[in-house]
Structure formats: C-alpha cells, structure tokens
Amino acid sequence: MQKWIMSKNELASYYEEIKECQRCALSATRTNVVFGAGDHNADLLFVGEAPGKNEDLSGKPFVGAAGKLLQYLLSTIDLTRDDVFIANVLKCRPPGNRDPKVEEIKTCRPYLDRQIELLDPKVICTLGNFATKLLLDTGEGITGLHGKRVEADGRLVIPSFHPAAALYNPSLQGKLEQDFKVLSAAISEMPELGKEPSESASGIIPF
Ligand code: URA
C-alpha cells in the first residue's frame with residue numbers, strides 16, 4: 001500500500017495505545033507520555049533523546065529551548081516542525097533530565113520501532129548520541145558520525161548533534177546547520193519524496 005493512502009489515524013491510534021504505559025519506573029514520575037508530533041505522512045523523522053521538563057508537562061516533544069533551536073534549524077532548510085515528525089528514544093522524562101538508562105532504552109525501543117514502521121520515513125535524522133547509537137547500532141559517538149549519510153534498515157540515517165548540546169557549546173550550532181544542509185540535499189536528491197497532495201492540517205498529529 002502506498003504510504004499516502006495509509007490511514008491518517010494509525011499513528012494517532014498507536015498513541016492512544018501507549019499513552020498510559022507502565023513498562024518502566026519512569027511512568028511513576030512522568031506527567032505525560034511524550035509520543036511525538038508532526039505530520040503522520042512525513043518522509044523525515046527526527047529522533048531526540050528524551051522529554052525534558054517542558055515536554056513532560058505539555059506532552060509535546062522539543063518545546064523548550066532545544067526545541068526553539070530545532071525550529072530555527074528547520075527554518076534554515078525551509079521546513080517547519082509540521083512538515084516532519086519528531087519523536088524521542090524515551091517517551092517519558094528521566095527525573096532531573098538525567099541520561100536514559102540502558103534498561104529504559106531497551107524497554108522503550110519497541111515504541112520507536114513501531115513508530116518508524118507506521119511512519120515509514122525515507123530519512124531519519126538522529127539528534128545526539130543516544131538516538132544515533134540506538135538506530136545505527138553502533139558504539140561510535142556523534143562527533144565522528146555527524147553529517148554522514150548512513151544506510152540502516154533500508155533508510156537513510158543522518159546523525160547530528162543534539163540541539164541542547166549546542167545551547168551549552170555554541171560552536172556546535174554551525175555544525176548542526178551544516179548537517180541540516182546535508183539533510184536538505186539528501187531529501188532533494190530523492191525524487192520519490194515529491195509529496196502527495198497534503199491533507200492539510202488533518203495530517204498533523206496534534207499532541
Ligand atoms: N530533548 C530531547 O531529546 N527531546 C525533547 O523532546 C526535548 C529535549
């Protein structure tokens with residue numbers, strides 16, 4: 001079945017299925033499962049690390065300072081967050097924004113895998129070490145991998161730094177901008193990424 005015929009509710013239904021998840025201890029401290037947001041029909045998926053405080057409270061990914069930078073980076077390649085889908089490795093906030101634990105990543109991974117299956121993006125941009133190592137199944141860090149085009153499971157993966165890292169280390173912002181240019185070039189080189197007529201706002205999962 002062609003992707004654009006896929007029911008626009010499949011990802012939304014999946015959210016309904018997992019929004020009360022109790023699979024790990026993070027469920028006890030979270031406010032909301034942060035499923036992801038964007039166009040259910042997007043060819044480009046961003047995968048971050050885990051929700052922070054603002055995301056936990058709002059239920060939406062990347063709404064804090066790192067999200068603002070992500071929004072700016074998207075604007076440099078003529079995209080908005082409604083043109084893409086944004087998700088995270090973990091769906092729940094680790095207390096105090098600590099790093100995700102190996103067991104948490106393992107427990108949460110099936111959710112990301114199912115999201116990827118349903119969305120079927122042509123390109124995935126991993127933001128930071130956790131998403132990159134997970135989706136590329138590598139121990140290599142983001143410093144060596146950022147901006148490279150890597151094939152994984154039939155999809156193009158382009159790793160970049162986590163926007164939050166650039167907030168602490170502004171010299172990374174230029175590198176992120178370069179990586180987004182690589183992303184933009186990769187997308188425009190894929191002729192099949194010409195979008196089917198959009199169903200306008202109905203395609204945007206509003207959480
Ligand atoms: N950092 C992430 O990795 N994800 C978010 O959703 C917000 C901040």
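Residues are numbered from 1 along each chain as its sequence is written, and side-chain values use heavy atoms, with hydrogens and water left out. Because the model is predicted, local features need pLDDT of at least 70 and side-chain atom pairs count only at pLDDT 80 or more, whereas totals for chains, interfaces and linings use all residues.

**Overall fold**

- The protein has nine helices and seven strands, where helices (H or I, at least four residues) and strands (E, at least two) are DSSP runs numbered from the N terminus.
- Of its 207 residues, 49% count as buried; buried means under 20% relative accessible area, exposed means over 50%, and partly exposed lies in between, with a 1.4 Å probe and protein chains only.
- Among contacts between residues at least 6 apart in sequence, 74% join residues at least 24 apart, a contact being defined by heavy atoms within 4.5 Å.

**Helix α9**

- Helix α9, residues 171–188, has 18 residues and reaches 27 Å from its first C-alpha to its last, close to the 26 Å expected at 1.5 Å a residue; the expected span is 1.5 Å times one less than the number of residues.
- The buried residues of α9 are L172, L176, D179, F180, L183 and A186, and they cover an arc of only 115° around the axis, which puts them on the same side of α9; the arc is that of the directions from the helix axis to the C-beta atoms.
- The exposed residues S171 and S188 sit on the face of α9 turned away from its buried side.
- The cover over the buried residues of α9 includes β2 (44–48), α4 (65–76), β4 (123–127), β6 (155–160) and α8 (163–168).

**Helix α4**

- With 12 residues, α4 reaches 17 Å from its first C-alpha to its last, close to the 16 Å expected at 1.5 Å a residue.
- In α4, A66, G67, L69, L70, L73 and L74 are buried, and seen down the axis of α4 its buried residues fall within an arc of 160°, so they line one face of the helix.
- A65 and K68 are exposed on the other side of α4, while the cover over its buried residues includes β2, β3 (85–88), β4, α8 and α9.
- After α4 comes D78, whose phi is positive, near 60°.

**Largest pocket**

- The largest pocket holds about 460 Å³ of space; on a 1 Å grid over the protein atoms alone, a pocket is an open set of points with protein on both sides within 12 Å along at least five of seven lines, a cavity is a set of points where a 1.4 Å probe fits but cannot get out, and lining residues have an atom within 4 Å of a point.
- Of the 20 residues that line the largest pocket, A50, G52, N97, H162 and A164 are the closest to its centre, and the elements giving two or more residues to this lining are α3 (53–58), α4 and α8.
- The lining of the largest pocket divides into nine nonpolar, six polar and five charged residues, where Ala, Val, Leu, Ile, Met, Phe, Trp, Tyr, Cys and Pro count as nonpolar, Asp, Glu, Lys and Arg as charged, and the others, Gly among them, as polar.

**Largest cavity**

- There is one cavity of 30 Å³ or more, and about 110 Å³ of space lies in the largest cavity; grid points are joined across faces, edges and corners, and a volume is the space filled by probe spheres set on the points.
- Of the 15 residues that line the largest cavity, C21, C24, C92, C108 and Y111 are the closest to its centre.
- The elements that give two or more residues to the lining of the largest cavity are α2 (26–29) and α5 (102–119), and α5 gives the most, with four residues.
- By class, this cavity lining has nine nonpolar, two polar and four charged residues.

**Individual residues**

- N97, in the loop between β3 and α5, has a positive phi of about 60° although it is not a glycine, and at 44% relative accessibility N97 counts as partly exposed.
- D120, in the loop between α5 and β4, is a residue other than glycine with a positive phi near 55°, and D120 is partly exposed, with a relative accessible area of 33%.
- N88 lies in strand β3 and counts as buried at 1% relative accessibility.
- Leaving aside neighbours within four places in sequence, N88 is in contact with V34, V47, G48, E49, A50, P51, P61, F62 and L112.
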